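Visitor: Please take one part of this model and walk me slowly through its surroundings, starting from the whole and ending at the detail.

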Amino acid sequence: MNIRKIYNQYKFNKMLKQHKDLYIIDSSTILNNSFSLRTDTPRPKIYLTIKKDCIIGGQFIFESETGFISIDEHSYIGNSVFICHSKIEIGKNVTIAWGSTIYDHDSHSLDYVERRKDIDDELNDIRAERNFISNKNWSVVNSKPIKICDDAWIGMNCIILKGVTIGEGAIVGAGSVVTKDVPAWTVAGGNPAKVIKTLK
């Protein structure tokens, strides 16, 4: 099963409801998407679900066979990047503007020796014509699910990092780096993002 990059289409509603490991629920509009599974031994499972009446544009990158991304109905995602090892959950009526990155793990260990090993493993995988993270040691990498709750709005060029929950109706200002939870019905912004206003 080779799923390096699938679906770069303007729209598909009824054409593909299920294709290998990607599942799309009917009547969503898909704009310039890519789906990348960075493993040589993918499990036969669902990696991505998109419910009805969504408008979705972006890159969905699964760093391992354990990742899962769900997008609930009536949500809009501009041309943003999702990098998933564990889980990213998007609620209903969510708006995510262009240029954002949602990243549910640290990518590397805090230990410099482990990072050296990462480079060695990547070099070996590339030279063997395998996926460049086929032999990555994920046990030393911190990963925690991300949840973006119903009616949240993420401004353009934001970075949402591992373990973060964006509460219901919360707004994250453009260019923010979110490292901690954002409470429901608040506006947060900055690097690192902090609450700057309460909406209710």
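Guide: The protein exposes about 10,300 Å², of which carbon and sulfur atoms supply 51%; accessible areas here come from the Shrake-Rupley method with a 1.4 Å probe, and for residues only the protein chains shown count as cover. This is a predicted model, in which local features need pLDDT of at least 70 and side-chain atom pairs count only at pLDDT 80 or more, while totals for chains, interfaces and linings use all residues. Residues are numbered from 1 along each chain as its sequence is written, and side-chain values use heavy atoms, with hydrogens and water left out.

The average pLDDT (the predictor's confidence in each residue, from 0 to 100) is 85, and 84% of the residues score at least 70. The protein has 1 helix and 19 strands, where helices (H or I, at least four residues) and strands (E, at least two) are DSSP runs numbered from the N terminus.

Serine 139 lies in the loop between α1 (112-127) and β12 (146-148). With a relative accessible area of 65%, serine 139 is exposed, a word that stands for over 50%, whereas buried stands for under 20% and partly exposed for what is in between (1.4 Å probe, protein chains only). Buried residues make up 44% of the 200 residues in the protein.

The side chain of serine 139 also makes a polar contact with the side chain of asparagine 137, at 2.5 Å; such a contact is a pair of N or O atoms within 3.5 Å, and within protein one must be able to donate a hydrogen and the other to accept it, while residues adjacent in sequence count only if both atoms are side-chain atoms. Serine 109 is 30 residues away from serine 139 in sequence, yet their C-alpha atoms are 9.1 Å apart in space.
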